[in-house]
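Trainee: I have a structure on the screen and would like to learn how to read it. Can we take it feature by feature?

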There are 4 protein chains.
Amino acid sequence: VPSDNALSPSHEQRYRSLVPNDFQLLRDRLRRFVDARDWGESHSPRNLALALTGEVGELTTELQWVTDDEVDNHLKDPRAKARLADEVADILIYLIRFADVCDIDLLSETYAKIDRNEVRYPHKSPGDDASPQ
Amino acid sequence: VPSDNALSPSHEQRYRSLVPNDFQLLRDRLRRFVDARDWGESHSPRNLALALTGEVGELTTELQWVTDDEVDNHLKDPRAKARLADEVADILIYLIRFADVCDIDLLSETYAKIDRNEVRYPHKSPGDDASPQ
Amino acid sequence: VPSDNALSPSHEQRYRSLVPNDFQLLRDRLRRFVDARDWGESHSPRNLALALTGEVGELTTELQWVTDDEVDNHLKDPRAKARLADEVADILIYLIRFADVCDIDLLSETYAKIDRNEVRYPHKSPGDDASPQ
Amino acid sequence: VPSDNALSPSHEQRYRSLVPNDFQLLRDRLRRFVDARDWGESHSPRNLALALTGEVGELTTELQWVTDDEVDNHLKDPRAKARLADEVADILIYLIRFADVCDIDLLSETYAKIDRNEVRYPHKSPGDDASPQ
């Protein structure tokens, strides 16, 4: 274990290979939550897809009467922000459950998708538009 | 750095405090993706909420004509599963972006929500219904 | 006005041309409802799209833990059915409002879409698969 | 049959009682469409709820990068408006199908809901805030 806050890239890589990642930890926590309540049978892919839709609907409801111009101020209201935080948590919970019961590795699939998006939506590198010498 | 696959709980805790968690890594990767394309202005809370809805709609579309009984077989089709994996990745990407622009800590909010759910939906511990000796 | 329950097709067509259709009646009723409350400014296309999503989420929530096999029995529960009826009404209300503020003729667009679907998804006429004599 | 464009309220009421309303006409047209293709079994309540979600997702996708300020201009683009019209039609089609398979009278439920909303959200009548003499 390092003695200060500095962790070399190779050390970090080594550590990451030895511990579960945060998605695995959440997935396992939710598995235990569901198993303790015998809810496993209810958590079918279609049930979870419908539940996920419901939670997204609760999120959009929070923003339905807030115009683009008002949204920054709206987020300064701690109760409004807490409700939004609650909804994004609910969405993530059902998304992790959905991926789990479908045997989809959510984290690696997301990195793979970002990789594909990087190719699909190319962008100029900082040097591309540099003035000629 | 440990020399084998065993990592003690205190070592793991120390390690986690020194490196960004997987949600921070994804958030930062997506920030760079967005900034490189000058898409920051488009990623307002309401725009992202509408985009999130669109991606959830793509997920439900994948399952709309698959009955509960057929879904296991459906998931054995690698192309069907790849499409679902693609959709859950899209949903997570927009969810992380949404939380980021709203300054919501997605990971800690999700653990806090699971904690609240543990209280809201109590369950018998394995021993609770044990027959008395 | 006909003296009995029989109405010839030409009579019916003539009548329909003289009275507003049911979508126009609903649209006008909702316009008056909104105007009486000074809600017109809130009913922008994006606000209504977010509100529509919220109502669809409430509909899916009603069915999220009901399996395909249980849904017929579920609908026999008058309270469950009343909740579903309430949600489909909410969805239609926001859909009519959305179409109205976007100046879309919901009824004629729907017939036009069904016409296109008839072409897009051809079907065998009853006689097509008749056994040869 | 009236000889001009004037139709008295009692005539109109009598006429409406003799002909199917526009929701019944659409419902019947869609029943024939579905039956001709043997799609009836696919149109279960949950399948249609998932399909409805998919269509709403297509609607929100159309508006996800259009800010509140830009939406009026966006709607002036005939292709953008045609896509929106297509989506609202798809939503109505699945909503009518959903109500039909659940044996819900969409039109009367919607009027009943508006009636309840009138009570739930009272408003000042034009004379209520009149200055005292």
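Mentor: Start with polar contacts. A polar contact is a pair of N or O atoms within 3.5 Å; within protein, one must be able to donate a hydrogen and the other to accept it, and residues adjacent in sequence count only if both atoms are side-chain atoms. Here, the side chain of D:Asn21 reaches the backbone nitrogen of D:Phe23 at 2.8 Å.

Trainee: What are the ground rules for this model?

Mentor: It is a predicted model: local features need pLDDT of at least 70, side-chain atom pairs count only at pLDDT 80 or more, totals for chains, interfaces and linings use all residues, and side-chain values use heavy atoms, with hydrogens and water left out. Residues are numbered from 1 along each chain as its sequence is written, while chains are lettered from A and ligands numbered from 1 in the order in which they are written.

Trainee: Where in chain D is D:Asn21 found?

Mentor: Helices (H or I, at least four residues) and strands (E, at least two) are DSSP runs, numbered from the N terminus. D:Asn21 is in the loop between helix H1 (9-18) and helix H2 (22-36) of chain D.

Trainee: Which residues is D:Asn21 in contact with, leaving aside its neighbours within four places in sequence?

Mentor: Contact means heavy atoms within 4.5 Å. Setting those neighbours aside, D:Asn21 is in contact with C:Asp22 and D:Leu107.

Trainee: How many residues are in contact between chain C and chain D?

Mentor: 68 residues of chain C are in contact with 69 residues of chain D. Next, area. Buried area is the accessible area (1.4 Å probe) that two parts lose on being put together, summed over both. Chain C and chain D bury about 6700 Å², with 67% of it on carbon and sulfur atoms.

Trainee: How many salt bridges are found across the interface of chain C and chain D?

Mentor: A salt bridge is a side-chain nitrogen of Lys or Arg within 4 Å of a carboxyl oxygen of Asp or Glu. The rule finds 16 across the interface of chain C and chain D. One of them joins D:Asp86 to C:Arg116, with the closest N and O atoms 2.6 Å apart. On the side of chain C that touches chain D, H5(C) gives the largest share, 12 residues.

Trainee: How is chain A related to chain C?

Mentor: Two copies of a chain are related by a rotation about an axis and a shift along it. Copies are superposed by least squares on the C-alpha atoms of residues with pLDDT of at least 70 in both. Chain A can be laid on chain C with an RMSD of 0.0 Å, by a turn of 180° and a shift of 0.0 Å along the axis. The two copies are therefore related as by a two-fold rotation axis. A:Gly57 comes closest to that axis among the residues of chain A, at 2.2 Å (C-alpha). The same surface serves both copies: 100% of the contact residues of chain A recur in chain C.

Trainee: What area is buried between chain A and chain C?

Mentor: About 1400 Å², of which carbon and sulfur atoms give 58%. A:Leu50, A:Gln64 and A:Trp65 supply 36% of the area that chain A buries there, more than any other three residues. The rule finds two salt bridges across the interface of chain A and chain C. C:Arg46 and A:Asp68 meet in a salt bridge through their side chains (3.1 Å, N to O). Helix H3 (residues 45-63) of chain A gives the most to the side touching chain C, with 10 residues.
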